[in-house]
Number of protein chains: 8
Amino acid sequence: MTETPTNSQSTPLVGIIMGSQSDLKVMEPAAEMLETMNIPFELTIVSAHRTPHRMVEYAENARKRGLRVIIAGAGGAAHLPGMVAALTTLPVIGVPVRSSNSIDGWDSILSILQMPGGIPVATVALNGAQNAGLLAAQILGTFNAAIADRLDKYRNSLREKVMRSVDELRRGDRDDD
Amino acid sequence: MTETPTNSQSTPLVGIIMGSQSDLKVMEPAAEMLETMNIPFELTIVSAHRTPHRMVEYAENARKRGLRVIIAGAGGAAHLPGMVAALTTLPVIGVPVRSSNSIDGWDSILSILQMPGGIPVATVALNGAQNAGLLAAQILGTFNAAIADRLDKYRNSLREKVMRSVDELRRGDRDDD
Amino acid sequence: MTETPTNSQSTPLVGIIMGSQSDLKVMEPAAEMLETMNIPFELTIVSAHRTPHRMVEYAENARKRGLRVIIAGAGGAAHLPGMVAALTTLPVIGVPVRSSNSIDGWDSILSILQMPGGIPVATVALNGAQNAGLLAAQILGTFNAAIADRLDKYRNSLREKVMRSVDELRRGDRDDD
Amino acid sequence: MTETPTNSQSTPLVGIIMGSQSDLKVMEPAAEMLETMNIPFELTIVSAHRTPHRMVEYAENARKRGLRVIIAGAGGAAHLPGMVAALTTLPVIGVPVRSSNSIDGWDSILSILQMPGGIPVATVALNGAQNAGLLAAQILGTFNAAIADRLDKYRNSLREKVMRSVDELRRGDRDDD
Amino acid sequence: MTETPTNSQSTPLVGIIMGSQSDLKVMEPAAEMLETMNIPFELTIVSAHRTPHRMVEYAENARKRGLRVIIAGAGGAAHLPGMVAALTTLPVIGVPVRSSNSIDGWDSILSILQMPGGIPVATVALNGAQNAGLLAAQILGTFNAAIADRLDKYRNSLREKVMRSVDELRRGDRDDD
Amino acid sequence: MTETPTNSQSTPLVGIIMGSQSDLKVMEPAAEMLETMNIPFELTIVSAHRTPHRMVEYAENARKRGLRVIIAGAGGAAHLPGMVAALTTLPVIGVPVRSSNSIDGWDSILSILQMPGGIPVATVALNGAQNAGLLAAQILGTFNAAIADRLDKYRNSLREKVMRSVDELRRGDRDDD
Amino acid sequence: MTETPTNSQSTPLVGIIMGSQSDLKVMEPAAEMLETMNIPFELTIVSAHRTPHRMVEYAENARKRGLRVIIAGAGGAAHLPGMVAALTTLPVIGVPVRSSNSIDGWDSILSILQMPGGIPVATVALNGAQNAGLLAAQILGTFNAAIADRLDKYRNSLREKVMRSVDELRRGDRDDD
Amino acid sequence: MTETPTNSQSTPLVGIIMGSQSDLKVMEPAAEMLETMNIPFELTIVSAHRTPHRMVEYAENARKRGLRVIIAGAGGAAHLPGMVAALTTLPVIGVPVRSSNSIDGWDSILSILQMPGGIPVATVALNGAQNAGLLAAQILGTFNAAIADRLDKYRNSLREKVMRSVDELRRGDRDDD
């Protein structure tokens, strides 16, 4: 099984997987964040329940294929992140998806978060794929100064966006006088 | 992988599995019910997260080994029942366990019950292993008149037990006069 | 009380019942799945609260009428599956319906799932009628090789559908290059 | 089926029923309150799931036997109050019981409270059997001045008990001076 | 304070009150049910929080004004039913309203249902005003044969409605042949 | 109705009330905090449901009696804080109590917090009476420099307590070497 | 950091802050209520997560800048109110916002309400910004007779609005006659 | 501020912090796991609410002090993990603690997990400190072959422990024969 890197000439460092094509819209911000961080990644569908052998193969080959982090999104009885985590010792980031078959996301959260001792999943917020991409970058940034720099720049951009809305509110008030 | 039938000389028809030895106390009533129904079964530990390959093997060989129903109990992010269901077309009965790492059982229930379309798990009540055993008997009783008879007798025993407590209450009242 | 088999010349093996005509849209995938599996079934309305005697009659005659499995859907204080289960020893599959009077489905799930010892209901996911039909087929497939074959084919079709979306994603990426 | 009136020579006006003898401890305060109100009642076990025919008979004969109100307690997938309500037009008071098989009482509450249009159950608080007895008395007191008087006296006793604790606190403070 | 009876020349027996005019749409089915049952009632706004003195006056005068049952609907921190119950010994039926300021109805349910010992509220389902009207009729029907007859007729109409949908489904199937 | 000030010769500025003597243990930390802050207070029992007139009188006289803040604790269907808030324009601090009749505190929280527009209750954490006392001090400290100073000192004591545990941990580690 | 007072020539007494411009629509009723009460305030964006230093500075300077109360709104993992409360001893009113990233508001409520001992946040209802503004006025009204008068007038207006809807309902009934 | 490395002569790579000494018992398994993985770490108390400046300093200096991962545990309105994540771009692992002031852990989970876009926290299960330590090792193992080897060995040990319990069960059955 070979996955074509979605982004670029280089070997993907992050694998973004999800249980169903219907999760794609929720999961794409993970890919966009990795593009922002200039981190090569791949994105594909791996279903724990409909393609269990593909899941085993994907998870067990991940490290040797060069992946350093796996982002896995799923909804409802969301087993993909935890099962992938059971099949690799790479860090696995779980994204609970508020899918149409989910009970307002509670099932997605609990079946990803509440892993037993020995098999952690780094869970982010419901539909939090953007943060999953960012967390993957932070993990890679632990040993990579260039990524760490980009993370700092991104943080600054968040702060500046807030400060712009502060200014807008302030000017808006003046206009009212 | 061969499992020694827990009960008897005959080939087991029901496999009772659970994620951890600590679930044994909760799961034993499933075995006791099958003994009551005189249905051969086996009971063993299969962990989705700590022994994923054993789980794949167990589930994929179940039908050819003669099993007709699998009962799987797990707590917390309880992936065992759903993953086994993904690896066999035998009916899988899921028992959500209120284990020590569970949030009052909500995680166990939701991660077993909320399976996506295509992979059902027949979920019973929290800690409902006795009912899992009974449901397995009902499934086998669909085509087996002897088991169906035993199910009727068991039902009668439930009714009689209620009627005995009705009588006790009534006599208790008379004694008070 | 006679129910005209919905599907075909043969005696129905599965009875699909629901508490109200308004549940029909949610419950129809159960019927469609049984048609896919070529299993004769009947479908009708049986209300625990508005037609309790009809419910008693339906449940108590089910086995002698040739039914092997009952699928019962209900929402809110959903008593139909559990009460039918109390009146027959056939396996009863409960479908919690997210009906308009339900609190996001929590009441439907809990009043179907949390049955006391002695009276199991095989509960599937909220609005999971398709899986209820599939679980009925798996129960019948336990002793019927033709159904078991169809279940295998269906499983393959699920896997192939995932693999087609894998391919689409991959081609989509190439197109972007 | 005849129930011996628990209290006295007169025909019982209130029937207290519960699904299991294990609910007796939770349900007894209903009986005690009716005794306080000098209202004849009977108390017995009726299980929706283990004695469904007894339940039908009990509910359908209740009015002609002279009962005016039924109090029904149950836990977990608590179907007794709603099913009895479906089989009589007497007012049925439901007591959700926090039984050992209940998930902190949520299942008990929701499966009693969330009845569909047409079949109400007057639900009281979790384990609120005392209030169930009181509500039965209030219903009977609607047309019975003697009971209405006793209700007023009971209310006064509640107020006086609060005022005594007010005094105790006040004196306690003085002692501290 | 005098309330003009909404329905008819006779003294109202049931008072329907709600915390806000915005609850009117949810509460109207209570009035419609009482009209169906030919029971005189009144309907008005009484806010526990915005008109506490009006609430005290309404509740304390209810019995002497001839009311036999009070139906009180409220949403969010829904104090009206419980406070009215604290100020009269008439039976009070509480209707939890899924109002715009409510968290999916959970706050409305819990703040009406979970009354302390001594002050019961007969709680019906979320937005269950129709059942509140019906429960009021059942309470009055306890001592009124004419109302009891109408309750029987209404029950029959519910059953017949189900049987008509059974027939429609059956004919629908034949048409398909 | 006169309440003896619990603390001291001066007129109480804060009234601490609770629905039942059984809440006393949970509510006492509010009193202790006010003593720490040297703020005169009174403490008594006022039950919304058992002494509604006392509640009206207490709330309506509070401001003229010199109270500036009311702290009200209650559990279950906790109406006391919201009803008092409806009867005064003094700030009312609500303490949800995890009482024995509460469902793990959820009912207490929601029936205090979810007040409608126009009648706020300043809600603190479940069983958070200590913080209620502190919040009352912060409200009084808004215009009182002496109290503001004591609040600063208290804050410092919290920080110092943390730093002491930091030191203990550090020394503990050295001991292990 | 200086904030331009939103309302008027005078020094703001209340600071309204929120984590994001997207919360503005939910938070504006706090400002409107303060305008109604003629209390000078300022309104700006302060993000705990994107501008933590701005938050520290804002909270620590609040008292010396003349603020007496801070209203802080946030959604999801809502840390702003609690962190501001940790950095000042002014009373902090927290408004849980049902933001788009929130799970129906439960996360917003719990992460604002459940503060540890020593650092209270006066929490109001979900999206309850109007009540936050009112509570701020009540706090200021504790020592300010003019504000207390306005609070009384506002209370009267609430009562009168209810009474107008009472009249409308009554006239509506007459028209029907 | 210097923290003495808890484990060893080398610079700590992981910082374990918690809001209160009372969390120590829950958090210690994180330290034990890092010792097992032979990864130098430090452990100390940092309270978001009682020592906010210490928190800012700790988080902002973490990377330059050589830390690569921060593990932060907290309960109730658990702001520590999210605030630390806002003050560094190192990966922050959040451990929701079921502390005595928590509502069964729901508040702890939601206030750590539900972070807004831009500031991820890698959340593990309730009381899942052992998995937090393991996840930190997996993050470090991404670029460190020795740690990756130890992770493999640990995984094997988990599997072997399951297999030993499989054997014990099997032998136990034989003994029964």
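User: In this predicted model, what rotation superposes chain B on chain C?
Analyst: Two copies of a chain are related by a rotation about an axis and a shift along it. For chain B and chain C, the shift along the axis is 0.0 Å and the RMSD is 0.0 Å. This is the relation of a two-fold axis. The rotation is 180°.

User: What percentage of the interface residues of chain B are also interface residues in chain C?
Analyst: The copies meet through the same surface.

User: How far apart are the closest C-alpha atoms of chain A and chain E?
Analyst: No contact joins chain A and chain E; likewise, none joins chain B and chain F, whose closest C-alpha atoms are 12 Å apart. For chain A and chain E, the separation of the closest C-alpha atoms is 12 Å.

User: Is Asp23(A) buried or exposed?
Analyst: Asp23(A) sits in the loop between strand 1 and helix 1 of chain A. Its contacts beyond four places in sequence are Met18(A), Gly73(A), Ala74(A), Val97(A) and Ser99(A). Buried means under 20% relative accessible area. Because its relative accessibility is 6%, Asp23(A) counts as buried.

User: Which residues is Ser20(A) in contact with, leaving aside its neighbours within four places in sequence?
Analyst: Ser20(A) belongs to the loop between strand 1 (14–18) and helix 1 (24–36) of chain A. The unreviewed UniProt entry places a "binding site" feature at Ser20(A), Asp23(A) and Arg50(A). With those sequence neighbours set aside, Ser20(A) is in contact with Ile45(A) and Arg50(A).

Definitions and conventions
Residues are numbered from 1 along each chain as its sequence is written. Chains are lettered from A and ligands numbered from 1 in the order in which they are written. This is a predicted model: local features need pLDDT of at least 70, side-chain atom pairs count only at pLDDT 80 or more; totals for chains, interfaces and linings use all residues. Side-chain values use heavy atoms; hydrogens and water are left out. UniProt positions are given in the numbering used here, feature names are shortened, and annotations may be inferred rather than shown by experiment. Helices (H or I, at least four residues) and strands (E, at least two) are DSSP runs, numbered from the N terminus. Contact means heavy atoms within 4.5 Å. Buried means under 20% relative accessible area, exposed over 50%, partly exposed in between (1.4 Å probe, protein chains only). Copies are superposed by least squares on the C-alpha atoms of residues with pLDDT of at least 70 in both.
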